[in-house]
Amino acid sequence: MSSPHPDLHDSALLRAARGEAVPHTPVWYMRQAGRSLPEYLRVREGVAMLDACMDPGLVTEITLQPVRRYGVDAAIFFSDIVLPLKAVGVDLDIKPGVGPVVAQPVRTLEDVAAIPDLEAGHVPYITEAVRSLVGELGATPLIGFAGAPFTVASYLVEGGPSKEHAKTKAMMFGAPDVWDALMRKIAGIAAAYLQVQVRAGASAVQLFDSWAGALTPDDYRDQVMPHSARVLAAAGELGVPRIHFGVGTSNLLPLMAEAGADVVGVDWRTPLAAAVPQVGERSVQGNLDPTLVFAPTEVMTRRAGAIIEAGKAARGHIFNLGHGVIPSTDPDQLARLTEFVQSYPR
C-alpha cells in the first residue's frame with residue numbers, strides 16, 4: 001500500500017517490524033493513551049468508554065496525546081476490543097471497574113447466527129478517525145488493533161470478564177460445533193475491523209489475545225490458532241506488519257508466531273532472551289514489567305537496557321512494556337523511559 005507520508009515507510013517502528021536496521025530502538029506503550037494521562041482524564045470526564053470510541057474527534061485527540069507528550073515511535077488507535085461487537089448490534093456495555101458486560105451471553109448456534117458480520121458501514125467513525133490521525137501523525141505510524149477471537153469469545157460466552165474461563169472452555173470442549181461457529185464469526189469481524197483501519201491509513205496492526213494464556217499449547221493449536229491465523233492473514237493481505245500479543249503466553253510463543261505474526265509481543269513474565277529463539281525469524285516486542293516504572297529511575301533504565309541488549313539477538317525489536325501502562329503510572333517516568341530507550345546506543 002502507498003504511504004500517505006514519504007518518511008513513514010522508513011520509520012523506526014516499521015523498519016524493526018520488517019527486521020531492517022534502525023536508527024534507534026523504537027518504543028511505544030500498550031495503553032499509552034489512557035488513565036495515566038491527566039489530559040486523557042480531562043477529555044474523558046463524563047463520557048462513557050464506548051461513546052468515546054465512537055467519537056472521531058475524541059478518538060483522534062486521545063490517540064495523539066501520548067505522541068505529543070512522550071514522542072513515542074508509534075500511536076496506538078484508541079478503541080476497545082468489544083467495540084466491533086457493539087457496532088454490529090450486540091447488547092453490551094463497559095462498566096467502570098468491571099469491564100465489558102454482555103446482556104445475553106452466547107450459548108447456541110442460533111445465538112452465533114444472530115450476530116451480524118461487520119462491514120465498513122457499521123463503523124464510519126473508525127474510518128473518519130483513522131484518516132484524521134494519519135493526517136496529524138505525519139511520519140509517525142498508527143497501529144490499528146483488534147481483540148483476538150479467543151479473548152472476545154470469552155467475553156461473549158462468560159457474559160463479562162472471567163479468571164477461570166470455565167464457561168468458555170466448557171463450550172470449547174463440550175459444544176465444538178458452537179465453538180467453531182463462534183470463533184469463525186469473531187475472526188471474520190476482527191479481520192474486517194482491521195481491514196477498515198488499514199484501508200483508512202493504519203501502518204501496522206496488533207492482535208490482542210489477553211486471555212490466551214489460559215490455554216494449553218494443544219488446545220491453542222487446535223481450537224484457537226486457526227482463527228487467529230485467519231485474522232492475521234487478512235491483515236497481511238494489505239501489506240502491513242502484524243503484531244501478535246498475548247498475556248501469560250510463555251508456552252504459546254512459537255504457535256503465536258506460526259499463526260502469522262511478523263512481530264511477537266512478549267509479556268513481562270518471559271525473559272526476552274528466552275523468547276527470541278522461540279519465535280524464529282520474526283521480530284519481538286516488549287517487555288519491561290509495567291511495575292518497574294514505579295521503581296527508582298536508575299533501576300528502571302538498567303532493566304530496560306538489559307531488555308534492549310536481549311532484543312539485539314532478534315530479527316528486530318520494538319520496545320514496549322510487558323503489558324499495559326498501569327493507571328497510576330507517573331507520566332514523567334514514562335517520558336524518562338522513552339528518552340532512555342530512544343537514545344540507547346545501537
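The following legends describe close-up views of a predicted model.

Local features are given where pLDDT is at least 70 and side-chain atom pairs only at pLDDT 80 or more, whereas totals for chains, interfaces and linings use all residues. Residues are numbered from 1 along each chain as its sequence is written, and side-chain values use heavy atoms, with hydrogens and water left out.

**View 1**
Helices (H or I, at least four residues) and strands (E, at least two) are DSSP runs, numbered from the N terminus, and two strands pair if DSSP finds at least two bridges between them. Strand 5 and strand 6 (residues 242–246) run parallel and are joined by 5 bridges. L207 has H244, in strand 6, as its bridge partner.

**View 2. Aromatic pairs, of which the whole structure has 7.**
F145 and F208 form an edge-to-face pair, with 5.2 Å centre to centre and 80 degrees between the planes. This pair links distant parts of the chain, since F145 is in strand 4 and F208 is in strand 5 (residues 204–209), 63 residues apart. Rings of Phe, Tyr and Trp (for Trp, the six-membered ring) pair if their centres lie within 6.5 Å, and planes under 30 degrees apart count as stacked, over 60 as edge-to-face and the rest as tilted. F145 counts as buried at 7% relative accessibility, and F208 is buried with a relative accessible area of 15%. Another edge-to-face pair is formed by F150 and W179, with 6.1 Å centre to centre and 65 degrees between the planes. F150 in helix 8 and W179 in helix 10 are 29 residues apart, and their pair links distant parts of the chain. F150 is buried with a relative accessible area of 0%, while W179 counts as buried at 1% relative accessibility. Here buried means under 20% relative accessible area, exposed over 50%, and partly exposed in between, using a 1.4 Å probe and protein chains only. One aromatic cluster is formed by F145, F208 and F245.

**View 3. R269 over the face of W268.**
R269 lies at 4.0 Å from the ring centre of W268. A charge is said to sit over a ring if NZ of Lys or CZ of Arg is within 6 Å of the ring centre and within 35 degrees of the ring normal.

**View 4. The largest cavity, with about 70 Å³ of space.**
A search of the whole structure finds 1 cavity of 30 Å³ or more. On a 1 Å grid over the protein atoms alone, a cavity is a set of points where a 1.4 Å probe fits but cannot get out, and a pocket is an open set with protein on both sides within 12 Å along at least five of seven lines; lining residues have an atom within 4 Å of a point. Grid points are joined across faces, edges and corners, and a volume is the space filled by probe spheres set on the points. The lining of the largest cavity consists of I81, P84, L85, A146, G147, V152, I186, I189 and A190. Helix 5 (83–87), strand 4 (142–147) and helix 10 (176–200) each supply at least two residues of this lining, and helix 10 gives the most, with 3 residues. By class, the lining has 8 nonpolar, 1 polar and no charged residues, where Ala, Val, Leu, Ile, Met, Phe, Trp, Tyr, Cys and Pro count as nonpolar, Asp, Glu, Lys and Arg as charged, and the others, Gly among them, as polar.

**View 5. The largest pocket, with a volume of about 1,500 Å³.**
This pocket is lined by 46 residues, of which R31, R35, M49, D80 and Y155 lie nearest its centre. Helix 2, strand 2 (92–95) and strand 3 (99–102) are the elements that give two or more residues to the lining, and helix 2 gives the most, with 3 residues. The residues of the lining divide into 27 nonpolar, 12 polar and 7 charged. R31 lies in the loop between helix 1 (12–18) and helix 2 (38–44), and has a positive phi of about 60 degrees although it is not a glycine.

**View 6. Backbone details at H165 and at N287.**
H165, which is not a glycine, has a positive phi of about 55 degrees. H165 is placed in the loop between helix 8 (149–158) and helix 9 (166–174) and is buried, with a relative accessible area of 2%. G286 and N287 are joined by a cis peptide bond with an omega of about -10 degrees, and N287 lies in the loop between strand 8 (283–285) and helix 14 (297–311).
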